[in-house]
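Reader: I have a model open and would like to learn how to read it. Please take me through the features one at a time.

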Amino acid sequence: MVELEELLLNVNGETLPILNEDDEDDFVPPARLAFHTEPKLCDFILRSAIISVPLAIRSSGVGSGSGLFLADDDKQQQGQHHGRGINRGREIFRSTPLMAAIDYGNDGFCHHCFKDAKAGEQPLLKFGGFGGAGDQEKMEEVKACTGCHVARFCSKKCQKAAWSKFHKDECKILRSVPRMKAQHLLAHRLVFWQQRGFITTSQGKAIDMLEDHFNEYTKDEERSPEVYGIAVAICKATGGKANMGLVWKLVPALRTNCIRMRPASGKEAVGYALDLLSATIQHSCHPNAFAFFEGTELRVRSLKKILPGDEITICYIDPTIDLLQRQKILLKRHFFDCNCTRCKNEYKERKECVKTLGDGKISTLEKAQEQMLSLINAASSSQGMMSKGYDDLGKVETALRTIMRDALPVSHWPAHIEPLPMVRQTLAALYTSQKKYADGLRNALKGKLMSCRRDGPEWVNEMADVILIILETGCQLNEPSSPLLEDRTFPPAEDLQTVTYGYLYEMCREAGTIFGGDSEYAKAIINVFTPMVGKMTGDRPGSKEFAKAFEEAQGRLLQWANVTSHYALVMSS
Ligand SMILES: C[S@@+](CC[C@H](N)C(=O)[O-])C[C@H]1O[C@@H](n2cnc3c(N)ncnc32)[C@H](O)[C@@H]1O
């Protein structure tokens, strides 16, 4: 057998196999049948998960192929509680995906149990220093495999289990291609599992029927060599035993169907998983469901009321990204123009915005958004700080204002249009890390409260960051030399404390609803909140008296931060 390393060449900084042009013309994939045309297979897929509500796989109403629906046609279900649909914050299903892999660079994660050794460094868990967080299970440091130096494990037990399940097949390819994308590694795993007989006939059939966008990928000049190269590398790794055509189709199929592994505590994906049931769910930018991972388990929960017969949708990408960037990403990764109500409404709003405030061109707005993103990326990177002097955050804010004014000269950039809220939240973290607490807090409040989000998983994550900044700033008021004490307009420590309790209370409620009271994340937040409230002497959150005190304290804080009361958080009754 020719050694894999001998066949590798460098493409775009990644080591990839040499492309053999003859092979390219040979393979024509068979026409694809949609899942919903195969009722037995749909039953099998539905049984692969622990389903909490009746579901059905049918012809999708939002895009091509199949989609997942809340069932409405089963007589046995009539009269049961789901007969009238399901409310917001309800579990739809949970499952252990067929396979999952962590992406390169997420060094804290164990590649077997997916626990995050760096979780203790996350802002939320730092709350312990202020109020007594719950007991977070201490994890050993994750250690890299001495063979590939890529896969990491939290214990010998995890390393052994991973070795026998998948890593003995993957160690070698990871040595050659250490930054191999998680979806590509999963394609490699699947081929080896198929050869070892680990994949059942029904699983194999479902995988064969996945949407793969094979034709779109092979026509794409940029991605076609990458996809083909990965397929060649996988075939070579099997010693030529795998069928090249099937592997070639599998690579884009996994890119299309693997779900982002998003832990409850963050919006960034740490890896990808192949889960047969979630692979039937269609995308919407204003979805009625969302997915997150708790260890190795995938959980899908409702974000709004879903009626019997409604199609279930999730957002395939980070939903906080603005319209124009979202559309670009979806077209590139999934080959469709999103036509959801959010996209339609936002398009109208952006059009109106450039017409009344700018030169009428959407492309001007898009260019400014790209410039703002590069600016904040540069400000967050040590390279940008060194070469552009962006450690002076005042310089970054001036550059930001110039970009916004050039794009929309007639008036201010609307505060809710991304990436401005995200940029402000990032500036808040950067200012706070430089101990410029007042600038940090102002940006945190503006970025958080002036964004469009009023609830949901991202709202909870962002609220955790804001509370942390308020707490850090509040601590400074105990320092006699703090410049905050010289600012006569700065609200008193009691106001900061009241606002913190109010925000924490709302975050607890939303985290419990959205992630579920049994999720580790919601439990961690509640474990922070409970002892803090236990120490309170005055009115407690949840009472009318507290709500009034909160409204007044938040009012003073927002006035100081120059945020109009329209954006204030209203406590739920
Ligand atoms: C994970 S699959 C979803 C299930 C797929 N429809 C099927 O029949 O197997 C993802 C693919 O579904 C299609 N899709 C998902 N959401 C869509 C939408 N909102 N509009 C158009 N096509 C969509 C795209 O082809 C996308 O790449």
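**Reading the model**

Author: The chain has 21 helices and 15 strands. Helices (H or I, at least four residues) and strands (E, at least two) are DSSP runs, numbered from the N terminus. This is a predicted model, in which local features need pLDDT of at least 70, side-chain atom pairs count only at pLDDT 80 or more, and totals for chains, interfaces and linings use all residues. Residues are numbered from 1 along each chain as its sequence is written.

Reader: How many residues of the chain count as buried?

Author: A residue is buried if 20 or more other C-beta atoms lie within 10 Å of its own, exposed if 12 or fewer, and partly exposed in between, with C-beta atoms placed from the backbone. By that count, 42% of the 573 residues of the chain are buried.

Reader: Into which domains is the chain divided?

Author: Domain bounds come from an automatic or database domain assignment. Here they give domain 1 (4–31 + 98–121 + 142–260), domain 2 (35–96 + 275–314) and domain 3 (455–573). The centres of domain 1 and domain 3, taken over C-alpha atoms, are separated by 44 Å.

Reader: Next, the sheets. In what order do the four strands of the open sheet lie?

Author: Two strands pair if DSSP finds at least two bridges between them. The order in this open sheet is β4-β5-β15-β12, with mixed pairing. Its edge strands, β4 (55–59) and β12 (282–283), each pair on one side only.

Reader: How do β4 and β5 pair?

Author: β4 and strand β5 (residues 66–70) are antiparallel, with five bridges. A56 stands opposite F69 in β5, and R58 stands opposite G67 in β5. The hairpin of β4 and β5 has six residues between the strands, and G65 takes a positive phi near 80° there. L68 has I312 in β15 as its bridge partner.

Reader: Which way do the residues of β5 point?

Author: In a regular strand the side chains alternate between the two faces of the sheet. From β5, S66, L68 and L70 point one way, while G67 and F69 point the other way. Five of the five residues of β5 are buried.

Reader: Which strands pair with β14?

Author: Strand β6 (residues 91–95) pairs with β14 in the antiparallel sense over four bridges. Strand β13 (residues 289–294) also runs antiparallel to β14, over six bridges. L298 in β14 stands opposite S95 and opposite F293. In the hairpin of β13 and β14 there are two residues between the strands, and G295 takes a positive phi near 60°. Strand β14 (residues 297–302) is mostly covered, with five of its six residues buried.

Reader: Now a helix. How far does α18 reach from its first C-alpha to its last?

Author: The expected span of a helix is 1.5 Å times one less than its number of residues. Helix α18 (residues 457–476) has 20 residues and reaches 30 Å, close to the 28 Å expected. As for burial, 15 of the 20 residues of α18 are buried.

Reader: Which residues come nearest to the ligand?

Author: A residue is near a molecule or strand if its C-beta atom, placed from the backbone, lies within 6 Å of it. There are 19 residues around the ligand, of which G63, G65, H283, H334 and F336 come nearest. α10 (244–257) and β12 each supply at least two residues of this shell. Domain 1 and domain 2 each supply at least three.

Reader: What is the make-up of that shell by class?

Author: Ala, Val, Leu, Ile, Met, Phe, Trp, Tyr, Cys and Pro count as nonpolar, Asp, Glu, Lys and Arg as charged, and the others, Gly among them, as polar. The shell around the ligand has six nonpolar, twelve polar and one charged residues.

Reader: Last, a single residue. Why does F546 count as partly exposed?

Author: F546 is partly exposed because 19 other C-beta atoms lie within 10 Å. F546 is found in helix α21 (residues 544–561). Two residues are in contact if their C-beta atoms, placed from the backbone, lie within 7 Å. Not counting residues up to four places away in sequence, F546 touches D539, R540 and P541.
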